Amino acid sequence: MDLSKRNLVVCDLDGSLLKDDQTISQFTTDTIKKYVSLGNKFCIATGRPIRAAMQYYNQLGLDTIMANLNGSILSNPSDKSFSLINLCYSREQVKYLLSNKSILKHVGCIFVETIEDTYLFTDQKNSYIRSEFLSKFHVSDTEVSNAQVNLKVLKMNQLDQLDKDINTILLYLKDKNSIDYISFKIKGITNTLVVRSWSLPNDFKGTVIEIVSIFSNKGSAIKYLSTFYMVPLSQIYTFGDGENDLDMLTKSIGYAMKNSSYTVKLLTNKITKKTNNEDGIAHEMKRIFHL
């Protein structure tokens, strides 16, 4: 294939490529494989850690770079010679930030992902925190017992036990009305981090905000992918449904999913005709690339 004619598609997982039941249909799988067989590239860019995206990477038969934790980790699971890129930030900075009592009083628990470990800091005895909260972020008791996730559950006053630099922090807020206060408070302490809300299922009880490095975003990830695969941004098609997708959607030919929030649709030029549950991405790919 003439490299100048090669296209790159970059997709978010949850709410985009995945149906609500966390599956990818055979129709979508076949469409993506046909697109790749023509010499094009397809990449996943997700807020999930590597462990929680690998089944989909393998199902699609990919051999490309994957962006995880919203672009803070870039890896190629199919190529051991590829040097993993880890855009983490200092654990000492995190300890300082989260020791702020005016922030902590609004926080029910703190969920931290590093390149190797997962931490849950909480003083709450509520079983919901242990089960429902963790499951929404791809940590199950089964995975923990089978050593698939190195989970450390600690108390809020044990932040000093963070022994790895950080890729992402999720704060579970007790009161959704405190989200503006917490966001402004964090930004007032440091302007080197990005604070954003997480798109979560309607059955989730509470509000979660994410804290990441200014370098950790999907927009930076697709710029890297553009350089690596020598595909200009004008030939990169991206699909997403959440606020964490906007950086890539606005730097490429970006499609907001039909099931996206109003904000994402408003800030994106194109919208898929079908939802994630209707194979929206596959239908757009068939139309765009005449598959």
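Which kind of contact do the side chains of E116 and K164 form?

Reply: The structure is a predicted model. In it, the side chains of E116 and K164 form a salt bridge, with a distance of 3.6 Å from N to O. E116 belongs to the loop between β6 and β7, whereas K164 belongs to the loop between β8 and β9 (168-173), so this pair ties together parts that are 48 residues apart in sequence. The two partners may also be described by their accessibility. E116 counts as exposed because its relative accessibility is 53%, and K164 counts as partly exposed because its value is 24%.

K164 has a further salt bridge, with D163, in which the closest N and O atoms are 3.9 Å apart. D163 has a relative accessibility of 37% and therefore counts as partly exposed. A search of the whole structure finds 14 salt bridges. One of them joins R196 and E210, whose closest N and O atoms are 3.0 Å apart. That pair links distant parts of the chain, with R196 in strand β10 (residues 193-197) and E210 in strand β11 (residues 207-213), 14 residues apart. R196 and E210 are both buried. Returning to the part in question, salt bridges that share partners join E116, D117, K152, D163 and K164 into one network.

With strand β6 (residues 107-113), β7 pairs in the antiparallel sense over five bridges. β6 and β7 form a hairpin, with four residues between them, and E116 lies in the loop between these strands. Within this pairing, Y119 of β7 stands opposite V112. With strand β8 (residues 151-154), β7 pairs in the parallel sense over four bridges. Here the bridge partner of Y119 is K152 in β8, and K152 is also one of the residues in the salt-bridge network.

Y119 itself has a relative accessibility of 0% and so counts as buried. Leaving aside residues up to four places away in sequence, Y119 touches I110, F111, V112, T114, L151, K152, L154, Q161, L162, D163 and K164. Among these, V112 is the residue opposite Y119, and K152 is the bridge partner of Y119 in β8. L162 lies 43 residues from Y119 along the chain, and the C-alpha atoms of the two are separated by 8.1 Å.

The side chain of Y119 also makes a polar contact, at 2.4 Å, with the side chain of D163.

Definitions and conventions
Residues are numbered from 1 along each chain as its sequence is written. This is a predicted model: local features need pLDDT of at least 70, side-chain atom pairs count only at pLDDT 80 or more; totals for chains, interfaces and linings use all residues. Side-chain values use heavy atoms; hydrogens and water are left out. Buried means under 20% relative accessible area, exposed over 50%, partly exposed in between (1.4 Å probe, protein chains only). Contact means heavy atoms within 4.5 Å. A polar contact is a pair of N or O atoms within 3.5 Å; within protein, one must be able to donate a hydrogen and the other to accept it, and residues adjacent in sequence count only if both atoms are side-chain atoms. Two strands pair if DSSP finds at least two bridges between them. Helices (H or I, at least four residues) and strands (E, at least two) are DSSP runs, numbered from the N terminus. A salt bridge is a side-chain nitrogen of Lys or Arg within 4 Å of a carboxyl oxygen of Asp or Glu.
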